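Subject: Handover of a structure

Dear colleague,

Please find the structure below, together with its sequence.

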Amino acid sequence: MSIGGYTGKILRVNLSQDTVRVDKIPQDWIRQFIGGDGFAARILYEEVPSGTNPLSPANKLIFATGPITGTLWPMSGRSVFVAKGAQTGIWAESHVGGFIGPELKYAGYDLLVVEGRSERPVYILVEDDYVELVDASKLWGLSTSEATVKIQEQQRDPDVQVAAVGPAGERLVKFASLIVNHARAAGRTGMGAILGSKNVKAIAIRGHGGVRVANHEEFVALAKRAQERVRVNPQAKEMGQWGTWILTAVKQEIGELPTYNHRTGVFPGWEQLSGDYIRPRYTISDRACFGCSLACKKVNYIPDGPFAGTLEEGPEYEGLMAFGSTLGIADYPTTLRANQICNKYGMDVISAGTTIGFAIEAFEQGIITEADTGGLKLQWNDSALVIQLLEMIGKREGFGDLLAEGSREAARRIGKGAEKYAMHVKGLEISGQDGRTHRSIGLSHATGARGADHLRSLVTVDQLGYEEVAAKRWGRDKLPEIINPYTEKYKATAVVETENTYCIRDTLIVCWYSVSWPPIFWMDDFAEMLPLATGIAEFGSTERLTEIAERQVTLKRLFNAREGITRKDDQLPERFLKDPMPEGPGKGQVVHLDPMLDDYYRLRGWDLETGLPTDDTIRRLSLQWAT
Amino acid sequence: MVTLQKQLSVDYTKCTGCRLCELACSAKHEGVFQPSLARLRIVKYDDLGLDVPNVCGPCEEAPCVEVCPVYAMRRDPVTKMVYIDHDKCILCKSCIGVCVHGVIRLDTVAMRIIKCDHCGGDPECVKICPTGAITYGTPAQTAVVERHGKLKAYVAEIKRTAKAK
């Protein structure tokens, strides 16, 4: 293929038929979707019909990279897993750092599509042109970390990159994750359950090839300048030192640290979950994903106390939130141990923590009792209980079997009004933000294609009050409302523009932290770089990139629409709409979702009544094939 | 007169394992982003949170030179840098096996030995390394630079506390 950046090949592994096929990537896909998320959306829409049971052989797991994956561009080592969601039954994607994405490119493929279901436990081995389904019966039941080591030993190569399913994925825990490099998680939406349902323990990849870009000299020069920008950026430096822990203090200050299952946004014990507290006491090394000069990953060790000897990477802010403030626990070692259990079993920390929070509140309200929990007394601030529950979920034991279904399904089975305490959108648990004190994230959570999503359009400019950035991006006329976190006005504008940029980010695929917090790169930087990488001049226009982003957002919407998603599903839990924030700077605030939804649909060209893309929009984006 | 040779030195406690050095190295020498053709290598221990960069030299007695049966691997008498004479190389690959750092490699497509040449005195890996885990200089020099930095910070601290009083 003459276009730079891509290998131009899709590797298809069919487990049912035991066959392997290599497809060429059509050139018009590249011009319409760029890569990553976009290609995956195209394949999933065409090949997984509506109504497919996510855990049936008909579902497909797509592992995708972008045109600059494996190059010198900052933070380009990420990759994405896409499938129909195990927990949600709609569009599901989960991005992961580490080193496995570039390895797929070096092996010679842009995408890997896993189809069907194997009769026996296997792992998929890809070594350049060589592809094999290796017997994994001896690996079944092992933790993600053990499986990774075993596979590397078996292949006699420590550089084999492994994405592994843990016991949770094998038992089809609905929020099971895939773990690469021992602790980097494709966490959300249950990709582990999808792979587990296919009888696949792991995907192991080793590549010896390289990635060629269209204009090597200029691309390298630009990438080096871009690396330099990351290095001197003050927020990036802080991220390198503290990781996302830095957010705990920020969230507490603005009253948005989810506490007691999102009942409030202020947590008295926040200090013990903050970077200042953790780093000097527990952190032993900084680590980075492929091609990243930021190094936000922290390896931590607990020297004493009940969890003495715990050595693990993480948790990030979301983990601190999910096992700390949400459950009323002001104890860092507990969050590290909980995070470790999630990594070993292969479970999403946000969904696991929030589901436990739901159970505790439902217990407190008398909706579930000791008869339901098998004698467990659920209460806030109970470290031992959380650890015990996590193990039970991972093994699907007793009460854990119910929680393994996620909060929406657990609430449905419990009944008696439990739904009120399940903090989810479209079945995916709410992440560590609160729409009441940060209105734009309320809209993001409600409209996210995969459910309550903080990675698809989290606007940080308004929350952190970057007035100049906001003026440049959205026009000075929209100030001050657009950066006031407590008004609905113009929020859809900010969300749509951010969502478009993030969409390009996810097709390239680069790290969240290079575009959002801190915002080092934006759409025009990608427009400058992409023609050098690919040799396609039209990628140099931000208008064209915006159009590609709109196409992808709309295609994902069409995928969801086929599963019955409409405006009525773009909702938030009742708590965010009706219970005013009880304390802190955002005291008395609630989300008024409807006006923001109207604005959002209007900007997207979707129908106001149904929330579905209009015929005009579908034609404008050349998506007629998808109707 | 003794000329101290400049060397690549590593501080593994600073390495984050990002492998930017491998990328920059292959980009410069091969015109492609291909870590398998890089002249250095990050050895990763993900389960321990440890990454160790492996670079070429310094070798008091270079095994690659000693083992080469056709004298293709030679040492520059002034810079002490070991280089390979591709015209003489018979591809026996002994140097790969004997290298204690594991950084001499075989390009299996072009069938040639590849080896670090310190980029002629301005190594790419050092320039791209975001944490300073890889440095270039005589071992003594790099140590002095470190000490000098520490001293400067120490003096600044004395001045600051004096002012506070």
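Predicted model: local features only at pLDDT ≥ 70, side-chain atom pairs only at ≥ 80, totals over all residues.

D46(B) and R287(A) are joined through their side chains by a salt bridge, with 3.0 Å from N to O. A salt bridge here is a side-chain nitrogen of Lys or Arg within 4 Å of a carboxyl oxygen of Asp or Glu.

Residues are numbered from 1 along each chain as its sequence is written, chains are lettered from A and ligands numbered from 1 in the order in which they are written, and side-chain values use heavy atoms, with hydrogens and water left out.

The contact between the two chains takes 30 residues from chain B and 35 residues from chain A, where contact means heavy atoms within 4.5 Å. The area buried between chain B and chain A is about 2,500 Å², and carbon and sulfur atoms give 56% of that area. Buried area is the accessible area (1.4 Å probe) that two parts lose on being put together, summed over both.

Within chain A, E538(A) and R31(A) also form a salt bridge, their closest N and O atoms being 3.1 Å apart. This pair links distant parts of the chain, 507 residues apart: E538(A) is in the loop between helix 21 and helix 22 (542-562), and R31(A) is in helix 1 (residues 27-33). Helices (H or I, at least four residues) and strands (E, at least two) are DSSP runs, numbered from the N terminus.

Two helix pairs in chain A deserve a description. How do helix 7 and helix 21 of chain A cross, and at what angle? The axes of helix 7 (residues 216-232) and helix 21 (residues 523-534) come within 9 Å and cross at roughly 150°. Axes are lines fitted to C-alpha atoms, for helices over the stretch in contact, and angles run from 0 to 180 degrees between N-to-C directions. Helix 7 is therefore roughly antiparallel to helix 21 (angles under 35 degrees count as roughly parallel, over 145 as roughly antiparallel, 65 to 115 as roughly perpendicular and the rest as oblique). The residues of this contact divide into 5 nonpolar, no polar and 5 charged. Ala, Val, Leu, Ile, Met, Phe, Trp, Tyr, Cys and Pro count as nonpolar, Asp, Glu, Lys and Arg as charged, and the others, Gly among them, as polar.

Helix 13 (residues 349-364) and helix 15 (residues 383-395) of chain A pack at about 115°, with axes 11 Å apart. These two helices are therefore roughly perpendicular to each other. A352(A), I356(A) and I360(A) of helix 13 meet L385(A), V386(A), L389(A), L390(A) and I393(A) of helix 15. The residues of this contact divide into 8 nonpolar, no polar and no charged.

Finally, the peptide bond from G314(A) to P315(A) is cis, with omega near -10°, and P315(A) lies in the loop between strand 15 (311-313) and helix 11 (317-323) of chain A.

Yours sincerely
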